[in-house]
Every structure is written in C-alpha cells, then in structure tokens.
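Reader: I'd like to go through the charged pairs in this one. Can you start me off with a single residue?

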Amino acid sequence: MKSQKTNIYFVGAGGIGMAALERYFLSCGYQVGGYDRTPTALTDALSAEGVDITFDDSVDAIPARFTDPSATLVVYTPAIPDTHPQLAFFRNSGFEVVKRAAVLGLVTRRSKALCFAGTHGKTTTSSMAAHILHESTVGCNAFLGGVLRNYNTNFLLDNTSDLSVIEADEYDRSFHHLRPRVAVITSTDPDHLDIYGTEEAYLESFAHFTELIEPGGSLIVHTGLKLKPRTGDGVHTYTYSRDEGDFHAANIRRGNGTVTFDFVTPDTVVTDVSLGVPVEINIENAVAALAAVWASGSLDADAARKAMASFMGPKRRFEFWMKEPGDAGRAVIDDYAHHPDELRNSIRSIRLLYPGRHLTVAFQPHLYSRTRDFAPQFAQALSEADRVILLDIYPARELPIPGVTSQIIFDDITSPEKMLITKDELPSAVVQAGVDVLLTAGAGDIVDTLPQIVSSLSDAENK
C-alpha cells in the first residue's frame, strides 16, 4: 500500500472478512468507508465504530473524502462483480484498487502469521488459537472469519504483539497472498468448484499455499489428506488429528456435559484440557489450534487450559439458541455448515451430545453451483437426521442455474420425515412439527429465522 494513502474505501464493507480489516485500519488512524448492499447488525456496528458505509451503489453516493485517487486505497472482495458502478468508477479513475486478500497479505508480512486454511474448520481453529494467545502474555492481532462470542468481534488488536492469526480463505485463491510463519491445513475436501473446476485444481491451490510458508516456519496438516505439500527449505512439517499424528488428543474423558483430554506434542504433554464448547469435533479443532500456538513458540500450559475452558466459539458455529434443562429438555442449535462433510460432522456431534433423541435438521443450501456439485452428498448427510426440513437455495453471489433447485437434494433424502418449504415458512413448520432437538444449518440467512423459532417454541410450550 502506498504510504501517502490516508483513506481506505471497502467495496463489500459488510463482509465478515472485510470488517476485520476495517477495524484494523480504524485502529491505525485511517479514514475508513465503504459500500454494502443492505444494512445488517455488522454494518450497524461498523458505522457506530466510525466506518462511513453507504448502501447506494451509485458513484454519487461515494463520500467526497474518498474520491481523491492520491489519498484513497480501494479494497474489494471477489464477490463484487466487475460491473459494480463504484468499483468500475475507481478502476477507471486512477485509484489503486486491490483485493481484500492482498491487504491481508501485507499484514502477514509485517508480523509472524499463524494462518489457518481448509475446506472446513478454519474459523473455529483460528478463533481458538487467537483466544489462547489473547489469554496469555503473548497476545496477537486476529483477523477471523466469524464473530467470536468471547469478544463479540472478529478482530482482536494488540499493539505490543508481533503475532497475527489469520483465517486463510481458499475462495478465489485468496490465501495465495499470505506469507505464513505457521500454516495449518484442516481439510481439503473439494469445494468452490465454480472457481477451481476440478478436485485436482483445488488440491494444487493448497499445495501452492504450502510453498508460501516462511523459511524456518511450520506446516501443520491433518493426517490422511490427499494434499501433497511443497514446502521450502527449513520448513518443519507436522501432522495432527484427534487420535494420531505429531499432535493429538489422549486420555479423552466425556461426561456430565464435559469433554477433557490431554494434548500431546512432539516434546511435551499438556494434561487436562477441557473444552468450553464440549462437542466432539472441537477435540480435533483444539488440537490444531494448540499445535499452531506450540509451533509459534508461545504455548503456556496454564494459559492454554484456561483459554480452552473459557472458549465460547464463533457465532453460528454450533451455537445454542435454546438449551432447556433436564434429560428431556429441548435444544435449538445453529451451525454455519454449508459443505456435506461439515453438515455430517454437525449432525454426528449432536447425536453424541443428545443420544437417543429425535433430531430435526433444517438446512438451507448455499449457492447453486455447490448444490449442483454436491447434491448426492448433501442428501446422504441429511439422511442421518430423523426429520429434514429443506429450504430453497440461498444464491449469495450467483445467478440461478437451470435445473438446479433444492429438489435435487430432496429427492434423495431417505429420512423417515422430510419436507421442502420456503424460509418464511420455517418457524411455523418447526412449531407444527413439534421438535425435540433442532439443528439449523447453512451459510445463508436461515439464521434470521431463529429469533421467531425460539419465541414460537417457548410460546407453544407455555400454552
């Protein structure tokens, strides 16, 4: 970024990844503004913090202070189309225009970066690592892909720490702009095939990511992946999983709503690590996060234990909206799962947490292309539920694809009960069905229905 820039304008300012950068540059004294399509709780918060956000995409709506090319850097996300009026204006008017990932790459070059990549798991693992460091004397600056409930933000600032924690997004090859000191790869199940086309191209993108690790740095990769790393000289490669690898969990104990284990590293064991969010998948997530902190040379056993026990998780990652007491108490859980493997893991975690209970899963597919590419796998994962409520596809950045609707998932679901409805019909459908344990899942706006669902369930119980 050119040193004379004093203003930064974000096209797509309401994105969770953009928000972290906006907060970072506000803290550095820059004038920060931007555009987004619609107001949200996040844009409201950003506006209150000092980001000048407009929801009008016309050129005239750009605040005057961001119209000087010599003083303004423009940052955009790949989700913004090239035809966007403001983006086109900036490009045609001599502004320096860069992707969000390129700006995040600058942060990694100015710090010792712990970068978490993978088809799924990267938000939770990076959030865990950030919380561990934040709770220790080391501290960190963190740029996360989800709002961490411990802090109600996706950005942590520490002016004295030389460590940064970065969620490394593979979409549009964004993570190729990063320069990790420690890289964690949680999974490489094919995704974003609208960008990559084939599984081979997807794996190649991760292989290139491993080439970007600094000399003397570390790669921590989940066991059993198809990925063939291409690390440079002096880079240490480690493996991890729940049960095996250089880093793993041992002596796992479950009971009374708790999960405790011993964390095994190549040179030590941290005993009695208890999970603040005690679901099965978080054992493995915690191993990855603790491993990254160990590789950075910053692992303090007592601080790590304290942090893992107090970790509340990112919003929309296995987040409880209702949790009634007692063995028969109803539960409503929300999860961002939008890939078949994520969905299956969420369902199985709930089965372990609530054995023998009737499970309803309400799922909103995300993207036409992902639905097209993985419809059979989605149907197979959803079929592990007792009842499935399937919603219409949330399009996000995409236009419809002929013949691709939620019906192609629905037809192959084998659960005893299933229904295909609109999002607006979900609250009443849930109440009429009489749910025991409910999981809402998807990366779209299904979460917007939860306040009404919880309120309606409570009202129905009290009648």
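Author: Take D302. This is a predicted model, and in it D302 is exposed, with a relative accessible area of 57%.

Reader: Which residue does D302 meet in a salt bridge?

Author: R305. The N to O distance is 2.8 Å.

Reader: Where do D302 and R305 sit in the chain?

Author: Both are in helix α9 (residues 301-310). They are three residues apart, so about one helical turn separates them.

Reader: And R305, what's its relative accessible area?

Author: R305 has 25%, which makes it partly exposed.

Reader: New topic. Which residues are joined into one network?

Author: R242, D243, R254 and E280, through salt bridges that share partners.

Reader: How far apart are the closest N and O atoms of R254 and E280?

Author: They are 2.5 Å apart.

Reader: Is E280 buried or exposed?

Author: Buried. Its relative accessible area is 16%, and the cut-off for buried is under 20%.

Reader: How many salt bridges in the whole structure?

Author: A search finds 25. One of them pairs R230 with E211, with the closest N and O atoms 3.1 Å apart.

Reader: Where are R230 and E211?

Author: R230 is in the loop between β11 (218-222) and β12 (236-240). E211 belongs to helix α7 (residues 199-211).

Reader: Why does R230 count as partly exposed?

Author: Because its relative accessibility is 33%, between the 20% and 50% cut-offs. E211 is partly exposed too, at 33%.

Key:
Residues numbered from 1 in each chain as written. Predicted model: local features only at pLDDT ≥ 70, side-chain atom pairs only at ≥ 80, totals over all residues. Heavy atoms only, no water. Salt bridge = Lys/Arg side-chain N within 4 Å of Asp/Glu carboxyl O. Helix = DSSP H or I, 4+ residues; strand = E, 2+ residues; numbered from the N terminus. Buried < 20%, exposed > 50% of the residue type's maximum accessible area, 1.4 Å probe, protein only.
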